[in-house]
Amino acid sequence: MTMKKRNEAPAEQTEGQLTRRRLLTWLSSVGIFGSALISLVANAFFIKPRATYGQPNRFSIGKPEEFPAGTRQALDGQRVCVIREGERVCAISTTCTHLGCIVAPSETGFACPCHGSRFDQDGNVTGGPAPKALAWYKVSLAPNGELEIDKGVEVKSGTYFNV
Amino acid sequence: MRLALATASFVILIVHGIIFYDQFFHEWESYQTSYYQQALSLAKTDAERAAVEGRSPKIEQIIVTSFGETRVDRCSTCHIGIDDPRFKDSGHPLRSHPFSEELGDKLVDGKWVRRHKFNDFGCTVCHDGQGRGLGGKYAHGQDHFWPDPLLGSKLIDWRADYKPKLVGKEYMQANCTLCHTEDGFGSTPLVAQGRRLFFGKNCYGCHKIDGLSNGALGPELSEVGKKFKIDYIWESIVDPRANSAASFMPKFNLTDDEVKALTIFLKSRRGMNFSETSLDRYKATLAKGEPGQALIHGGVLTSPPETGTPTAGVAYGERLVYDKSCMACHKLGKFDGGIAPDLSFEGLMRDEDWMMGHFRSPRSKISDSIMPAFGFTDNEYQAMTTYLASLKTPPLVTNPAEIYNSLCSRCHGEKGDGHGQIAVYLDPYPRDLTKVGFMNSKSLERFVTSIRNGVHGTSMPAWGKVLRDDQIHAVLDHIQTTFVKEPRRPIRERKLPEINPIASSSESVNRGEGLFLQRCTGCHGRKADGKGPNSLDMLPRPRNLRNRDFLNSVTDRRLFESLLYGVQGTAMPSWIDYGLTEKEIGDLVNYLRSFDKGHKQ
């Protein structure tokens, strides 16, 4: 049977029509190159892990009442400083923008113990080697009534959340 | 060829497509999308809306380091509304976690406040399941090989007859106990009930649990909750042989509620406890002394008698014997546990001193008894002894075959071959009455004595008050005709010393020990406890020569006879054929007799 087909094929091909051989070649190519394409796309997506084993970026810190007006409380575990002024709450990163030390709240703002960077109350650089201001993170109110900080979302300096 | 290639390439394309689809479109994404949509429509204020806006489906996880090894709980990836009170009436998986006083939640100004916040505790510490899992089956631990399926859930491939009983949130009480270890913790009534049952049903007599009991007969249960799922625990309680064919654990008559409480109590035994460190525990043990001892002597094990019931005397003893599940092993009247000897005529067989001593320490009377020392109070022992001593009604059987079948066959077997119903639990093993060599080489007088007075240090009791002498002779005749099947032969007279002619001295004992180590240890063992390397190949087993009661009850003459001429029908050879002289036998006898003297010193 195959012998017969092989003999016939060249004759049909010369006519430039969609022969059986050409159709099969096309189908094979679509199959192979299609799956290669899917693999490439998938690999591009899967390079970034969906979840890592660090502490989650979004976490709740407790009810607003636990942070009375005037609070400046650094949460060392989460590397964030919660500041409440009146009814406004914000969260400023306590990771130094220079080499990643934990900055400590001081009277004038924040001070880095490693290389002496100084930041003001809003996290802007006032001295030392730090190249840029401390990040502000998104604060929101979770449905269970607790404040939630999302370190995955940086907001503009001076963006407060109204309790 | 090209057709095959085309087909193969399409198959590859389809497989790739399926994998891609499977990896990109998850069940949990649809749950999260649905949650965000509902939350947006439920949002009343801008703040609520802002909290939801901008969030897209992603894997949510809580990492908990406070309880044992680090837990990664991704449960809130699907159960994303877990802490959103607006979703308290939604269906699963979005439904919010209920509040309850039992969990320690408090109602403040009309709003519930959680005691156990999810950020601090995660989910699996209470619920079990596989925290890292992202699909229902794996996350809920319903994979066959995951050791901790969601407690109280119902989708597991468990035995159909137990499955409905293993469902219910009360099973989670087992995990509360990992931190709340105190005995009277109010929110875990079933753990407390199971603990009472563990002592009330005498489980502690055989099973060891660190800090609670010291039993050595059954498997240790200190970490049973970590090793087994609740279906296995349930099954092992109601049907001990289901998972271990060799188990001789009795079947206790427990209601389903009791089994459930015991299962929950045992599931809570995980060999760890988050409210104290191992150092704390060690210090507490040191302060308490031996763990089991303290409990036993502190009287924790025994509940006070109910008011209005007697605390002494026959009636109280009878109640105790029944309450303490003695008949889970023993036979008494119509109850028969099928493991331990018949107690129906105990008052005729043993005296009260023997019973009290045996209760306090069974092995002080029968060296190789498997009966645990339960550690009841002396008052209870006394009452039980009084009751057992009052059982003085002899059985109403007259003909020898009936006597044999009702009294002897439970140990010696219906065929007289020593393989009775409870024989495997007895040590020494009951005598095989079909061995002609043995039966025809010992005098009738010796058999009568063994029946009338019992054999000391073994489970053979004294039948002298149960059977009259003529009945004993009739039974022996019955044995001779039915099992031995040969007429009794006259005993060959042998010249044997009545009393060991070699005076006991330390030199003689040392010579005896040397001989013993050379000649006897293969069967009787280096410790002379009858457990030598060859002992398992022979029945009857070599005698435990450390059995003080037995050895004190036999005469020097009998020891000389057994050693010099062997014991026919057993593996004991005639040592005179192996060149031992009477003097050397005398040294050996002195060595055996020295065990007891050593004890007395």
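Taken over C-alpha atoms, the centres of domain 1 and domain 2 of chain A sit 60 Å apart. The domain assignment puts domain 1 at 2-46 and domain 2 at 58-162 of chain A, with bounds that come from an automatic or database assignment. This is a predicted model, so local features need pLDDT of at least 70 and side-chain atom pairs count only at pLDDT 80 or more, while totals for chains, interfaces and linings use all residues. Residues are numbered from 1 along each chain as its sequence is written, and chains are lettered from A and ligands numbered from 1 in the order in which they are written.

Chain A has 2 helices and 11 strands, counted as DSSP runs (H or I, at least four residues, for helices; E, at least two, for strands) and numbered from the N terminus. With a radius of gyration of 30 Å against the 15 Å that the globule rule gives for 163 residues, chain A is more spread out than a compact globule; the radius is taken over C-alpha atoms, and the rule is 2.2 Å times the number of residues to the power 0.38. The C-alpha trace of chain A spans about 95 × 40 × 25 Å along its principal axes.

As for strand pairing (at least two DSSP bridges between two strands), chain A holds an open, antiparallel sheet of 4 strands in the order β5-β6-β7-β8. At its edges lie β5 (104-105) and β8 (125-127) of chain A, each pairing on one side only. β5(A) meets β6 (residues 109-111) of chain A in the antiparallel sense over 2 bridges, and P105(A) has F110(A) in β6(A) as its bridge partner.
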